[in-house]
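Here is a short report on one protein chain. Read it with the structure open beside you.

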Amino acid sequence: EAVLTGAITGVVSLAVTVPLDSVMWGRPIWPEFEVWYFNTVDNRSSEWGEQPVHWYMTSALPKGMLATAFLLPLAFIRLPERIKHGFGPKKEIGNEPLLDKSLVWYFTPVCGFVLLYSLLPHKEIRFIFPALPMFNVCAAYGMGRLHQCASPGDESRKLTRYMTGLMYFGGAGCLAATLIGSLVFTRLSSFNYPGGEALVRLRWHLEQSIPIQQSASEEKSLVARKAVRLHVDVAAAMTGVSLFGQKHACNLIFHDEKGKPTTVPFRVDKSGYEETNSSDGELMKFTHLLTEQRQVGGFSMIEAIEGHPRLDMSARNIATEETIYIHERSGWRRI
C-alpha cells in the first residue's frame with residue numbers, strides 16, 4: 001500500500017512540476033533528475049568541494065537538529081519509564097523491553113538515505129533535508145515519552161517525580177534552545193547570499209550610471225554602446241546568482257525625457273570559470289564582473305558585498321567580511 005501510494009503521488013507530482021519547471025527554465029527539464037544524474041552518475045559534484053564520509057552525521061545533522069538531537073535516543077530507549085518504575089514503590093518495570101522498536105521501520109530507511117549520500121564526495125546539508133522530518137518525528141516521540149512520565153497523578157515517590165520532572169524540563173530546555181538557535185541561524189543565513197545581493201546592487205548601480213536623456217538618435221547610439229556583459233565567477237554563482245535574479249537584473253528599462261521606455265542589452269555569462277576567463281585579457285570582453293577577487297586588472301571595484309557570517313560573542317553581534325566584489329571595466333562609463 002505504501003509503495004502504491006508513493007508511486008501515485010510521484011506520478012502526480014511529476015505531472016504538475018515538470019511542465020511548470022520547463023516553462024520557468026525555457027526548455028523541457030526535470031530538475032531533480034538532472035541534479036541526481038550530475039551528482040551520482042557523472043559524480044561531478046566533487047568539483048564543488050569535498051567533505052569526509054562522516055560529515056552528515058557529525059556536522060550536518062547536529063546543525064540541523066540542534067539541541068533536539070538529545071531527544072532522539074529516547075525514541076528508541078524506554079529510559080524514562082525505567083527510571084520512573086524502577087524507583088516506584090512497587091518497582092513496576094513492566095513487561096516491555098528496554099528498546100522500543102515502534103519507529104525503527106520508519107527510521108531505518110531514512111538512515112540508509114543519509115548513509116548513501118555520505119558516499120558522495122560533495123556534501124551539503126540541503127541534500128538531506130528530506131530526512132530531517134523523520135529525525136524530528138523521532139525527537140518529538142522522545143519528548144512525548146518524557147511528558148508522559150512526568151505527568152502528575154501517579155503514586156511515584158518524591159525522588160522519582162523529581163527525576164522525571166527534571167528530565168522533562170531538560171527536554172523542554174532542548175526545544176527552547178533549538179528555537180532560539182533556529183532564529184539566530186535564520187538571521188545568519190540572510191548574509192549567506194552575497195552573490196545575489198551583488199547582482200541587485202549592480203542593477204541599482206547601472207540604473208544610476210546610464211543616463212538616458214539625449215535625443216532619440218543619440219539615445220539609440222548610447223544604448224548600443226552601453227550594452228552590459230556580466231561575468232559571474234564560482235563564488236558569486238554559488239551564493240545567490242539565480243536564474244530568476246538574472247532575469248530581473250537583465251530587465252533594465254529606462255525612460256527618456258519624453259517617457260519613452262528603452263531597454264539596455266544585458267547578458268550574464270557563467271562559463272569558463274577557471275580556464276577560459278582566468279586571464280585579464282579574456283576578462284576584458286566583459287563590462288562588469290561579480291567575483292571573489294578584490295583586484296582585477298583593467299577593472300575598478302564598485303562595491304564590496306559582505307558575507308561569511310559568524311557570531312562574534314565578544315561584540316554580541318554578527319560579524320561578516322568582504323566576500324563578493326562588483327567590478328566595472330575601467331573607462332566604460334566614459335564611452
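## A strand residue with a positive phi

H308 is partly exposed, because its relative accessibility is 47%, which falls between the 20% and 50% cut-offs. This residue is found in strand β6. Its phi is positive, at about 50°, although H308 is not a glycine. Keep in mind that this is a predicted model.

Strand β6 pairs with strand β7, residues 317-329. The pairing is antiparallel and runs over eleven bridges. Two of the bridges can be named here. L311 has I318 in β7 as its bridge partner. S300 is bridged to E328, also in β7.

Four residues lie between the two strands of this hairpin. R316 has its place in that loop. R316 counts as exposed because its relative accessibility is 79%, and the cut-off for exposed is over 50%.

## The sheet around the hairpin

Strand β5 covers residues 288-291, and T291 lies in it. Is T291 buried or exposed? T291 counts as buried, because its relative accessibility is 7% and the cut-off for buried is under 20%. Its side chain reaches the backbone nitrogen of Q293 at 3.1 Å. Now leave aside the neighbours within four places in sequence. T291 is then in contact with D233, V296, T323, I324, Y325 and H327.

| Residue | Relative accessibility | Class |
|---|---|---|
| T291 | 7% | buried |
| L79 | 38% | partly exposed |
| H308 | 47% | partly exposed |
| R316 | 79% | exposed |

Now turn to the helices. Helix α3 (residues 55-65) packs with helix α5 (residues 104-118). Their axes are 10 Å apart, at an angle of about 115°. The two helices are therefore roughly perpendicular to each other. Which residues of α3 and α5 meet? On the α3 side they are Y56, M57 and L61. On the α5 side they are V114, L115, Y117 and S118. By class, this contact has six nonpolar residues, one polar residue and no charged residues.

Another helix, α4, covers residues 79-86, and L79 lies in it. L79 is partly exposed, with a relative accessible area of 38%. In sequence, L79 and R145 are 66 residues apart. In space, they are 9.1 Å apart, C-alpha to C-alpha.

## The whole chain

The chain has 335 residues, and buried residues make up 34% of them. Contacts across the sequence can be counted too.

Conventions. Residues numbered from 1 in each chain as written. Predicted model: local features only at pLDDT ≥ 70, side-chain atom pairs only at ≥ 80, totals over all residues. Heavy atoms only, no water. Pairing = 2+ DSSP bridges. Buried < 20%, exposed > 50% of the residue type's maximum accessible area, 1.4 Å probe, protein only. Polar contact = N/O pair within 3.5 Å; in protein donor to acceptor, adjacent residues only side chain to side chain. Contact = heavy atoms within 4.5 Å. Axes fitted to C-alpha atoms, helices over the stretch in contact; angles between N-to-C directions. Parallel < 35°, antiparallel > 145°, perpendicular 65-115°, else oblique. Nonpolar A, V, L, I, M, F, W, Y, C, P; charged D, E, K, R; others polar.
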